[in-house]
Amino acid sequence: MTTVDIIEDGHAIALTSSGTVMRYHAIWLRDNAWDETTRAPGNGQRLIALRDIPIDTKIRAASVEDGQLCLEFAPENRRIAYDLQWLSDHAYDVVKRGDSSWVSDEISIWNSALSDQIPLADLGQVQTSPEARASWLGGVARYGFGKLTGGPVEEGALFQVADLFGYVRETNYGRHFEVRTEVNPTNLAFTGLGLQAHTDNPYRDPVPTVQILYCLENSAEGGENMVVDGFACALKLRDENPEGFDLLSRYCARFEYAGEGGVCLRSRRPMIELAPDGELTAVRFNNRSAAAITDVPYADMEGYYAAYRQLGEIIDDPAMEVTFKLNPGECFIVNNTRVLHARKGYSGEGSRWLQGCYADMDGLRSTHAALLQELGMAAE
């Protein structure tokens with residue numbers, strides 16, 4: 001049973017359900033009303049601005065009727081009903097997490113033990129089955145990484161993967177780029193050298209938040225792909241070296257790329273990025289594109305570099321990585337603000353050809369959420 005009490009002289013209410021009390025301010029409730037004069041029925045967008053709500057808004061009457069909270073607002077003399085489940089889902093009367101960093105409940109941190117739980121699906125199946133697509137996209141959203149098999153072995157097939165959830169993000173590399181050995185390459189990614197785990201394009205603002213790598217040929221010796229959960233690495237650094245974690249999240253690093261004519265990309269962002277409330281939101285780590293760090297005071301630079309080295313050692317730890325080798329017609333996708341990717345070196349024997357492109361996580365999350373709504377499924 002849910003009960004309601006008006007508190008603070010009408011400026012708030014207290015909902016009590018199963019012994020739990022949640023408080024809501026009158027102005028918040030009025031701003032978040034879902035009646036037809038406040039929200040457009042078709043798309044849910046607000047029809048009013050905050051200036052249209054009286055500054056002296058108060059709750060005159062409150063009751064729980066037929067599973068809804070019914071409120072009467074003054075001075076508008078407006079009666080509005082609220083869904084109790086919606087209020088519970090959007091409760092903000094919670095204990096603050098403090099200054100320690102945290103991760104959203106919607107993601108799961110992982111290490112090498114993920115190997116047998118990788119979000120994996122057949123491309124044809126996720127193209128034709130909404131349930132399969134929703135499940136796979138949910139896995140990518142939760143783990144920041146996923147694989148697809150059974151795709152066609154043809155140039156441009158990676159665009160079919162992007163079409164599953166969004167749009168290709170074109171860059172100076174074009175709509176897509178080739179990953180294979182080149183003579184005098186403009187980027188070390190196009191050689192047979194091994195690459196340390198990294199996030200792509202940290203020199204962009206904003207960075208592409210999804211990367212897709214699609215295999216067309218892979219008969220070379222070596223060249224296995226690796227992925228590392230950057231959030232897991234950042235949290236491990238925090239546990240082992242809280243001061244170092246603070247330095248890498250408090251000060252900006254600098255990144256740049258000018259490897260081809262007419263291109264000079266630069267950005268200034270922390271290697272470990274936190275939201276104002278302490279949520280871990282992004283990791284940027286790319287030794288090849290790191291520029292001179294000039295935003296750290298002299299007194300903190302030595303500690304900053306020590307933390308930078310320690311984070312790199314954690315990232316390089318085999319216990320943090322998942323390793324696999326792609327076959328032609330297979331691909332993998334990463335959340336480029338969270339999951340680092342790498343590859344082992346490969347020889348000149350045989351051939352190795354991948355195509356890559358960028359997209360964005362907002363499209364992936366949107367498609368996933370829309371599919372869950374259409375299918376009547378709960379979020380994973």
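A residue is counted as buried when its relative accessible area is under 20%. In the predicted model described here, Thr38 has a relative accessible area of 0% and is therefore buried. Thr38 lies in the loop that runs between helix H1 (26–31) and strand S4 (58–65). Two polar contacts are made by the side chain of Thr38: one with the side chain of Arg30, at 3.1 Å, and one with the side chain of Asp35, at 2.6 Å. When neighbours within four places in sequence are set aside, the residues in contact with Thr38 are Arg30, Ala33, Gln45, Arg46, Leu47 and Ile48.

The overall architecture was examined next. The protein contains nine helices and 20 strands, and the C-alpha trace spans about 80 × 60 × 40 Å along its principal axes. Of the 380 residues, 49% are buried. Among contacts between residues at least 6 apart in sequence, 72% join residues that are at least 24 apart.

With residues up to four places away in sequence not counted, Leu248 touches Leu237, Pro270, Met271, Ile272, Tyr304, Ala307, Tyr308 and Leu311.

Helix H6 (residues 230–240) contains Ala232. The relative accessible area of Ala232 is 9%, and Ala232 is therefore buried. Not counting residues up to four places away in sequence, Ala232 touches Ile109, Trp110 and Met320. Ala232 and Asp9 are 223 residues apart in sequence, and their C-alpha atoms are 46 Å apart in space.

Backbone geometry was then considered. Most residues other than glycine have a negative phi, and most peptide bonds are trans. Asp9 has a phi near 55°, a positive value in a residue other than glycine, and Glu8 likewise has a positive phi, near 55°. Glu8 is found in the loop between strand S1 (2–7) and strand S2 (12–17), and Asp9 is placed in the loop between S1 and S2. With regard to accessibility, Glu8 counts as partly exposed because its relative accessibility is 46%, whereas Asp9, with a relative accessible area of 60%, is exposed.

The bond from Ala74 to Pro75 is cis, with omega near 5°, and Pro75 is found in the loop between strand S5 (68–74) and strand S6 (78–83). The bond from Asp205 to Pro206 is also cis, with omega near 5°. Pro206 lies in the loop that connects strand S10 (195–198) and strand S11 (210–218).

Rolling a probe the size of a water molecule over the atoms shows where empty space is left. The largest pocket holds about 540 Å³ of space. Its lining consists of 23 residues, and those nearest the centre of the pocket are Glu106, Ile107, Ala141, Arg365 and His368. At least two residues of the lining are supplied by each of helix H4 (130–143), strand S16 (280–283) and helix H9 (361–375). H9 gives the most, with five residues. In composition, the lining of the largest pocket divides into 10 nonpolar, seven polar and six charged residues.

Key: Residues are numbered from 1 along each chain as its sequence is written. This is a predicted model: local features need pLDDT of at least 70, side-chain atom pairs count only at pLDDT 80 or more; totals for chains, interfaces and linings use all residues. Side-chain values use heavy atoms; hydrogens and water are left out. On a 1 Å grid over the protein atoms alone, a cavity is a set of points where a 1.4 Å probe fits but cannot get out, and a pocket is an open set with protein on both sides within 12 Å along at least five of seven lines; lining residues have an atom within 4 Å of a point. Grid points are joined across faces, edges and corners, and a volume is the space filled by probe spheres set on the points. Helices (H or I, at least four residues) and strands (E, at least two) are DSSP runs, numbered from the N terminus. Ala, Val, Leu, Ile, Met, Phe, Trp, Tyr, Cys and Pro count as nonpolar, Asp, Glu, Lys and Arg as charged, and the others, Gly among them, as polar. Contact means heavy atoms within 4.5 Å. Buried means under 20% relative accessible area, exposed over 50%, partly exposed in between (1.4 Å probe, protein chains only). A polar contact is a pair of N or O atoms within 3.5 Å; within protein, one must be able to donate a hydrogen and the other to accept it, and residues adjacent in sequence count only if both atoms are side-chain atoms.
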